[in-house]
Amino acid sequence: MRIGVIGTGYVGLVVGACLAETGNHVVCADIDKSKIKLLERGQSPIYEPGLEPLLKRNLSEKRLSFTTNVGKCIENAKIIFIAVGTPPDENGSADLKHVLSVADTIGEHLNGEKIIITKSTVPVGTALKVREEIERHSSQTFHICSNPEFLKEGDAIDDFMKPDRIVIGIESEKVKPTLEELFHPFVRSGNPLIFMDIASAEITKYAANAMLAVRISFMNQVAALCEATGANVDLVRSGIGSDSRIGPAFLHAGSGYGGSCFPKDVRALIKTGNELGIDMSIPRSAQEWNDIQKEILVEKLKKELGENLSGLRIAIWGLSFKPGTDDIREASSLAVIPRLLECGAKVFAHDPKAIDAARQVLPSDVHYVTDEYSACDKADALLILTEWQQYRRPDLDRIKQLLKQPLIIDGRNLFNTDKMKKRGFIYISIGRKDTR
Ligand SMILES: NC(=O)c1ccc[n+]([C@@H]2O[C@H](COP(=O)([O-])OP(=O)(O)OC[C@H]3O[C@@H](n4cnc5c(N)ncnc54)[C@H](O)[C@@H]3O)[C@@H](O)[C@H]2O)c1
């Protein structure tokens, strides 16, 4: 099939590469010339495991190409995916300017009957706005669908190739056979392709992300209760996660959720509810607790070192919002590091992939280091913000020698508290007893 994907970010690139991998002819378009230049050479502008080889193979086998000519991409495709960003606007709603600008371009270039699929996460009712925008320019027949994406950065290729389910909102049964054929390679092992009306598909995406955010904030609140009572949140997690009604996923306490999706989608869901007169109090509480949680590591650090961190050197491990990605949007690091600098600390930060992205948004006085141990050299404390694999089994003796005092504040509960005590660390984590 001839596919056009508009927007070559984390989602658009994965969609384009995976659809090309299954034999389709895919053209990916973006208005960002520098991104397209890199992509034409087979280089990925983002770090996502497995993505670059997929891009290179499909480019060289001529199933995949890139362009800045969005109009031409639309004209040549039978199926068009809209995968542009929907960042939050100043009042928390999803900003639809990119989606509607693409709809405008589609309207101008519609040259035959096409299927237009919204992949971007958009509030309920957006498909109708996309339809209206296209119809301002064109009287051609077209079919709007909503196909929310559930991939996780860091596992994006696997998630797209082997999804738990594919949700597709449609307004006409006519498109079903084409979409079944397009998505068949991804649901061969029996995972469902769930067709529904468009409004339900749009809400499904927000409900999924809000549900996961609520689980995380709930566990962070339970962690506070554990800290106040001497209980251990990891044990509570295994205790409840083994209940088949609850399940183990998304129950890890930590220093708050971040990323390009949960924070913005929870805010947008609350906003949609407000507009419709529905108080979305549950996601709102999750968001409020998450804001508190993002401050918690700084509070724990100040409890150990005092309010004034002037002249103290703090090592940071992890800048990305989660392991396996260079995405730092709404990462804990963006909340923690500016606070440390405000309190006078000198920050030495390490991340395996996200240093370039962090440099663009964090204050210029952050020092970046390319190996995690040099961040610890003469530092007054080590703060762990992201659970990258290489931080899970580090050389603790070496860290102890490098640090000025053996203080680790762990926002991801990577180590066993008893073992850390035996090794002589002051070890402070989330929802577990401090050891010293
Ligand atoms: N990142 C994720 O993990 C994830 C997962 C599921 C869903 N989503 C949703 O998918 C959408 C895209 O997210 P992302 O993280 O890939 O965004 P992104 O910011 O990484 O990429 C968006 C791309 O769209 C391009 N763009 C903007 N306007 C354009 C236009 N008019 N024409 C062509 N290109 C244009 C930008 O240049 C950019 O390259 C969002 O709605 C997001 O909520 C993201």
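The following dialogue explains how to read several features of this predicted model.

User: How is the overall size of the chain to be read?

Analyst: The radius of gyration is taken over C-alpha atoms, and the globule rule is 2.2 Å times the number of residues to the power 0.38. For 436 residues, a compact globule would have a radius of gyration near 22 Å; the protein chain has 23 Å, which agrees. Along the principal axes, its C-alpha atoms fill a box of roughly 70 × 45 × 40 Å.

User: What share of the residues of the protein chain counts as buried?

Analyst: Buried means under 20% relative accessible area, exposed over 50%, and partly exposed in between (1.4 Å probe, protein chains only). Of the 436 residues, 54% count as buried.

User: In what order do the 8 strands of the open sheet stand?

Analyst: Two strands pair if DSSP finds at least two bridges between them. Here the order is β3-β2-β1-β4-β5-β6-β7-β8, with mixed pairing. Strands β3 (64–67) and β8 stand at the edges with a single partner strand each, so one side of each is left without a neighbour in the sheet. The twist averages 25° from one strand to the next.

User: Do β7 and its partner strands run parallel or antiparallel?

Analyst: Both senses occur. Strand β7 (residues 166–170) pairs with β8 (residues 193–196) in the parallel sense over 4 bridges. The chain passes from β7 through helix α8 (residues 176–183) to β8, a right-handed β-α-β crossover; right-handed means that, with the strands pointing away from the viewer, the path from the first strand over the helix to the second runs clockwise. In β8, Met196 is the bridge partner of Gly169, and Phe195 that of Ile168. Strand β6 (residues 142–146) is joined to β7 by 2 bridges and runs antiparallel to it, with Cys145 opposite Ile170.

User: Why is β7 described as largely enclosed?

Analyst: Strand β7 is largely enclosed by the rest of the structure because 5 of its 5 residues are buried. Ile166, Ile168 and Ile170 point one way, whereas Val167 and Gly169 point the other way.

User: Which strands does helix α5 lie across?

Analyst: Contact means heavy atoms within 4.5 Å. Helix α5 (residues 97–109) lies across β1 (2–6), β4 and β5, at about 155° to β4. Strands β4 (residues 79–82) and β5 (residues 114–118) run parallel and are joined by 4 bridges.

User: Which residues does Phe160 touch?

Analyst: Phe160 is found in helix α7 (residues 156–161). Leaving aside residues up to four places away in sequence, Phe160 touches Val14, Val15, Cys18, Leu19, Lys119, Glu149 and Phe186. Its relative accessibility is 6%, so Phe160 counts as buried. The C-alpha atoms of Phe160 and Phe186 are separated by 7.6 Å, although these residues are 26 residues apart along the chain.

Notes: Residues are numbered from 1 along each chain as its sequence is written. This is a predicted model: local features need pLDDT of at least 70, side-chain atom pairs count only at pLDDT 80 or more; totals for chains, interfaces and linings use all residues. Side-chain values use heavy atoms; hydrogens and water are left out. Axes are lines fitted to C-alpha atoms, for helices over the stretch in contact, and angles run from 0 to 180 degrees between N-to-C directions.
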